[in-house]
Amino acid sequence: MTEIDKRRREFGDRLRLLRERAELTGHELAERAGWKQPKISKLETGKQTPTDSDVLAWCEATGATESATEQLRDDLRELKVTYDSWRRTQHEGSRARQQESVGLSSSAAVIRAVEVGVVPGLVQVPDYAREVFRLYSALNGTKADVEESVAARMQRQSVLYDTSKRIEILVAEAALRYPICPPEIMAAQLDRLGALVGMATVRFGVLPLDRRVPYMPLHGYTLFDGLALVENVTGEMRIRDEDEVATYHALTDQLWNAAAEGEEARSVLAALRSEL
């Protein structure tokens with residue numbers, strides 16, 4: 001059982017306790033809340049994460065106090081934000097995490113990647129990805145399963161050609177200037193990004209260094225439908241809170257307003273390549 005599964009189960013136990021204290025059966029609670037009975041079971045067993053409105057309806061139906069209701073709502077917000085340390089989750093290497101990304105990308109209808117310090121993994125060429133995984137492993141002291149991780153990352157990229165998905169890749173020019181790879185690898189990476197321009201299944205853009213942005217891009221992130229993944233040096237934060245995820249989507253919309261797309265993006269990439 002994962003940490004998030006455990007926390008959902010514990011939260012469900014608290015909901016069940018409220019129902020039992022109110023001397024309600026699952027069927028009776030469902031009728032009061034206007035739900036179908038299976039939803040009660042899913043929430044109590046942690047198989048479904050409640051929304052804020054679910055918690056409000058549950059507390060109202062069970063006669064919970066105002067303070068108990070607010071505490072549950074606060075705890076729900078924390079439940080929807082989890083943090084995984086790289087050293088804890090990837091001490092045996094990055095392959096498993098990359099395979100998880102394959103699943104996330106395959107199941108999501110909308111993928112929106114915004115990066116300010118590195119080329120997004122979804123569009124990295126193999127040699128660039130190798131360098132990223134090597135640097136990551138060296139810093140965090142995790143198993144260097146570089147080739148296995150690169151293979152999984154390349155497998156994930158098949159979603160770029162899926163016409164049923166909405167895929168957006170937005171990268172800051174600064175990320176394309178950091179020389180984390182030898183010039184010949186950076187040239188290949190820039191060529192790969194250039195091939196995305198005009199691609200029917202992908203929206204690609206660059207945030208030019210001299211372009212005023214509507215908000216400071218403090219870090220990169222990826223949105224998979226209602227999930228936001230935010231990576232930092234030592235771990236990854238997973239945000240499922242509806243309001244917070246909506247803020248990330250709103251920020252992405254604003255950043256696209258400042259982005260170079262189409263031929264303008266191609267010109268930025270060509271200028272960068274000529275400097276190598």
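Tutor: Arg19 lies in helix α1, residues 3–21; helices (H or I, at least four residues) are DSSP runs, numbered from the N terminus. This is a predicted model, in which local features need pLDDT of at least 70 and side-chain atom pairs count only at pLDDT 80 or more, while totals for chains, interfaces and linings use all residues. Residues are numbered from 1 along each chain as its sequence is written, and side-chain values use heavy atoms, with hydrogens and water left out.

With a relative accessible area of 12%, Arg19 is buried (under 20% relative accessible area, 1.4 Å probe, protein chains only). Neighbours within four places in sequence aside, Arg19 is in contact with Leu24, Thr25, Gly26, Leu29, Ile40, Glu44, Trp58 and Thr62, contact meaning heavy atoms within 4.5 Å.

Now the helix packing. Helix α11 (residues 183–196) packs against helix α13 (residues 262–274) at about 170°, with the axes 10 Å apart; axes are lines fitted to C-alpha atoms over the stretch in contact, and angles run from 0 to 180 degrees between N-to-C directions. The pair is therefore roughly antiparallel (over 145 degrees). On the α11 side the contact uses Ala187, Leu190, Asp191, Leu193 and Gly194, and on the α13 side Arg266, Leu269, Leu272 and Arg273.

The axes of helix α8 (residues 126–140) and helix α9 (residues 146–156) come within 9 Å and cross at roughly 130°.

Note on methods. Helix = DSSP H or I, 4+ residues; strand = E, 2+ residues; numbered from the N terminus. Buried < 20%, exposed > 50% of the residue type's maximum accessible area, 1.4 Å probe, protein only. Parallel < 35°, antiparallel > 145°, perpendicular 65-115°, else oblique.
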